[in-house]
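Trainee: I have a new model open. Please show me how to read its features.

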Amino acid sequence: MIVDFAKQYASSWVDAWDRFWFTPRHIDTLAVLRIVTGAMLLYSHLVLAADFSSFVGTEAWIDNETSAWLHDGTLGESTAAWSYLWLVDNATVLWLNHLVTILVTGCFLVGFLTRLTGPLAWFLQLMLVHRLLGSLFGLDQIVTYCVMYLAFVPCGAVWSIDAKLRRRLTGDGEKTLSGWKAWLFPADKKTVSANVATRLLQIHLCVIYLFGGIAKARGELWWDGTAVWFAVANYEYQSIDMTFLGRFPRVFTALSHITMFWEIFYCALVWPRLTRGITLALAVAVHGGIALFLGMITFGAMMIAANGIFVSPDWIRRKRLGESADDGHEDASLSGVMTSLGTDSSSGARSVALPADLQHRLAELDAAEKGIQKRYAKLKRREAKNEERKQRLLAAREQIKQKLIDGNLSAGDSVLRNDDLEDS
């Protein structure tokens, strides 16, 4: 009994782990994040171009050689980072490289050839990040990790030029694409890669908040409740004067404590549906406050967008396509699809190869059917035991009745009769 329970428990955890990582997911949430991330990345490159020679090149504040020393261990801790920009000292070549970077990022933003421009935009951004060590901002780090995960998923399947080109090539669904065209212009369907990228983004965000919260907890300002006050009163970052709130010190104390504990426990509170809403609402409040009151508009907006990775793509899809896009319609029509494909769901035999999303759905249904069969067998065994017990009770009752007739009922028999009546 204990061994069987342990096996079932372990099996349920393995199944849950498999569903968490490998359940196909729609791309809509990642497509929205692609647009926001691409816009922020393009903005960063354009701002850099406004004073390009001060940041990149031989005349930069941190020149190529010094930047390389900051990574190879000469002037600090050694890292695995490398950038080909360390090797380029020609201003014209550097400018051409940056113009290509801007062009590629713009293509990624509008969703043009995202299978190619996505990885390329990430690579070019990584080269710049490694070159600009010492002059980076939190926005650069957040944008870089978002592009990294988006680069290897079909995030151009919706809200993109790729989607329009696919519709033109397929004649609005009358034809299907195959080979490299199907890969270059991805279809709007559930994929495992979209789910893996989503989970990695979610976990990455949890790690950022966890270590950010722990770092805050190591200081005194967040414990004594003055951290938010010092941030608001700092004229270097102040965009709106909120120092009048200094008359209400409890407000700053509460904001400091809520922020610290929210960051530390974000990784636990954002997963359950019961607490996810308030956790994300606090994220919007915290980063919205940073954007409005501390002058870091781009960073605050990008962090809010990054938190959007926890928004269900099915919800976005319903808003985009209407209520008819509910997943329930896919479930309701599954039997019809199986019939039209010549699939025998009772025997499990497939006469044709099914798409990956239908195969996963069928696997889930098969697993659910097996679970129901196990529970039904357990109920049948319990029913048989109850029937056997009922027969024993009836037999005991007949014996008691017979004794009553014969006048031979004893005290023990009376107790037996009462117990039997209670059981019945």
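Mentor: Start with confidence. pLDDT is the predictor's confidence in each residue, from 0 to 100. This is a predicted model, so keep that scale in mind.

Trainee: What pLDDT does the protein chain average?

Mentor: The chain averages 85. At least 70 is reached by 86% of the residues.

Trainee: Over which residues does pLDDT stay under 50?

Mentor: Residues 324-352 are one such stretch. Residues 414-424 are another. The model has 30 contacts beyond four places in sequence for 324-352, and twelve for 414-424.

Trainee: Now a helix. How far does H6 reach from its first C-alpha to its last?

Mentor: Compare the span with the expected one. Helix H6, residues 138-150, reaches 19 Å. For its 13 residues, 18 Å is expected at 1.5 Å a residue, and the model is close to that.

Trainee: Why is H6 described as largely enclosed by the rest of the structure?

Mentor: Buried means under 20% relative accessible area. Eleven of the 13 residues of H6 are buried, so the helix is largely enclosed. Among them are Asp140, Tyr145, Cys146 and Tyr149.

Trainee: What covers the buried residues of H6?

Mentor: The cover includes helices H2 (28-50), H4 (91-110), H5 (114-131), H9 (192-217) and H14 (297-307).

Trainee: Is Ala231 buried or partly exposed?

Mentor: Ala231 is partly exposed, because its relative accessible area is 29%. Ala231 sits in helix H11, residues 227-232.

Trainee: How many residues apart in sequence are Ala231 and Ile290?

Mentor: They are 59 residues apart in sequence. In space, their C-alpha atoms are 9.5 Å apart.

How values were computed
Residues numbered from 1 in each chain as written. Predicted model: local features only at pLDDT ≥ 70, side-chain atom pairs only at ≥ 80, totals over all residues. Heavy atoms only, no water. Helix = DSSP H or I, 4+ residues; strand = E, 2+ residues; numbered from the N terminus. Buried < 20%, exposed > 50% of the residue type's maximum accessible area, 1.4 Å probe, protein only. Contact = heavy atoms within 4.5 Å. Expected span 1.5 Å × (residues − 1).
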